[in-house]
Amino acid sequence: MSEYDTKDYWDKKAKQFEDDPVRAACASSNVQNHCIDRVQRKALETVVRRIGGRDEFQGKSLLDFGCGSGRWVHYFAELGASYQGVDISGEMIQICRQSHPSLNFSTMDGLRIPASSKSFDFIFSIAVLHHNRRNEQGLLLSELTRVIKPGGFLFLFEGLGSTPREREFPRTLRDWSESVVSMGYERLMSKRYHYFPLGHLAEAVGKRISATYTNHWRIIQVDAALSPVLSRIVPNDSQGRGAMLFRRIT
């Protein structure tokens with residue numbers, strides 16, 4: 001855990017999978033990435049409806065914070081907002097610029113977002129903050145608050161839990177929410193999701209009956225089809241994800 005360096009890890013991953021933007025930004029398994037994509041897409045569609053629908057984004061400014069390899073560029077482009085993507089990894093930004101040369105991408109200098117204060121109507125952070133240690137999470141939330149407009153919307157999709165794990169520093173859903181609200185936001189939505197709900201439940205049952213979890217790949221196949229629907233059945237203490245929408249009020 002102590003050896004994990006955020007920028008170095010994602011730079012290396014971008015070089016390893018430079019021809020496959022999804023694997024560069026997510027897992028190495030295509031089947032697992034199908035689950036991840038479906039769950040994240042479901043969360044995005046839910047929050048867009050909660051904001052008021054796609055028409056609410058027309059002509060507004062949007063920051064894709066931690067844009068990675070540009071997985072969601074097309075989705076955000078369809079919303080009609082003025083797009084800017086930023087990431088700590090220069091290698092990831094290079095992938096974005098090669099794939100989308102007409103759009104605006106920037107590399108972050110440390111914890112500083114290359115934008116003036118009160119620049120964005122919408123900020124989307126999808127599986128970004130939990131890859132940073134707790135003290136850095138607070139600093140990044142402060143920086144996001146600096147660049148969002150009063151009345152702007154902040155969407156976080158982050159890891160849930162109370163114990164650090166490999167390359168992740170999750171928080172409880174309540175902890176995430178309270179940290180953001182304390183910076184001058186109101187919470188509009190919070191939902192729990194899980195990428196691999198059946199796999200998690202099968203593993204949990206196997207531990208209870210001392211059985212070996214042997215059909216992982218088959219269960220993942222079912223998860224890929226049903227994970228957006230089944231993610232709600234997973235216990236709250238699992239390694240899930242929290243989708244949270246806030247509005248800046250001060």
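Student: How do you know whether arginine 241 is buried or exposed?
Tutor: Arginine 241 has a relative accessible area of 8%. Buried means under 20% relative accessible area, exposed over 50%, and partly exposed in between, with a 1.4 Å probe and protein chains only. The 8% is under 20%, so arginine 241 is buried. The model is predicted: local features need pLDDT of at least 70 and side-chain atom pairs pLDDT 80 or more, while totals for chains, interfaces and linings use all residues. Residues are numbered from 1 along each chain as its sequence is written, and side-chain values use heavy atoms, leaving out hydrogens and water.

Student: Which other residue forms a salt bridge with glutamate 168?
Tutor: Arginine 165 does, at 3.2 Å from N to O. Arginine 165 has a relative accessible area of 16% and glutamate 168 has 12%, so both count as buried.

Student: Why is the pair of glutamate 143 and arginine 112 called a salt bridge?
Tutor: The distance is 3.9 Å, N to O, and the limit is 4 Å, so the pair counts. Glutamate 143 is in helix α6 (residues 134–147) and arginine 112 in the loop between β3 (104–107) and β4 (120–126), 31 residues apart. Glutamate 143 is buried at 8%, whereas arginine 112, at 47%, is partly exposed. By this rule the count comes to 15 salt bridges, and Asp37, Arg41 and Arg71 are linked in a network of them.

Student: What makes phenylalanine 157 and tyrosine 193 a tilted pair?
Tutor: Rings of Phe, Tyr and Trp (its six-membered ring) pair if their centres lie within 6.5 Å; planes under 30 degrees apart count as stacked, over 60 as edge-to-face and the rest as tilted. Phenylalanine 157 and tyrosine 193 are 6.2 Å apart, centre to centre, with 40° between the planes, and are therefore tilted. Phenylalanine 157 lies in strand β5 and tyrosine 193 in strand β6, so the pair ties together parts 36 residues apart in sequence. Phenylalanine 157 is buried at 1%, and tyrosine 193 at 3%.
Phenylalanine 157 also forms a tilted pair with tyrosine 195, with 6.3 Å between centres and 35° between planes. Tyrosine 195 lies in the loop between β6 and α8 (197–208), so this pair joins parts 38 residues apart in sequence. Tyrosine 195 is buried, at 9%.

Student: Which residues touch the most other members of the largest nonpolar core?
Tutor: They are Phe57, Leu62, Phe76, Phe124, Phe155 and Phe157, in a core of 35 residues. Elements that give two or more residues include α3 (30–51), β4, β5 and β7. The largest share, eight residues, comes from α3. Another core, of 24 residues, lies apart from it and includes Val86 and Leu173. A nonpolar core is a set of buried Ala, Val, Leu, Ile, Met, Phe, Trp, Tyr and Cys residues joined through side-chain atoms within 4.5 Å.

Student: How do you know whether serine 177 is buried or exposed?
Tutor: Its relative accessible area is 4%, under 20%, so serine 177 is buried. Serine 177 is found in helix α7. Leaving out residues up to four places away in sequence, serine 177 touches Arg187, Met244 and Phe246, where contact means heavy atoms within 4.5 Å.

Conventions:
A salt bridge is a side-chain nitrogen of Lys or Arg within 4 Å of a carboxyl oxygen of Asp or Glu. Helices (H or I, at least four residues) and strands (E, at least two) are DSSP runs, numbered from the N terminus.
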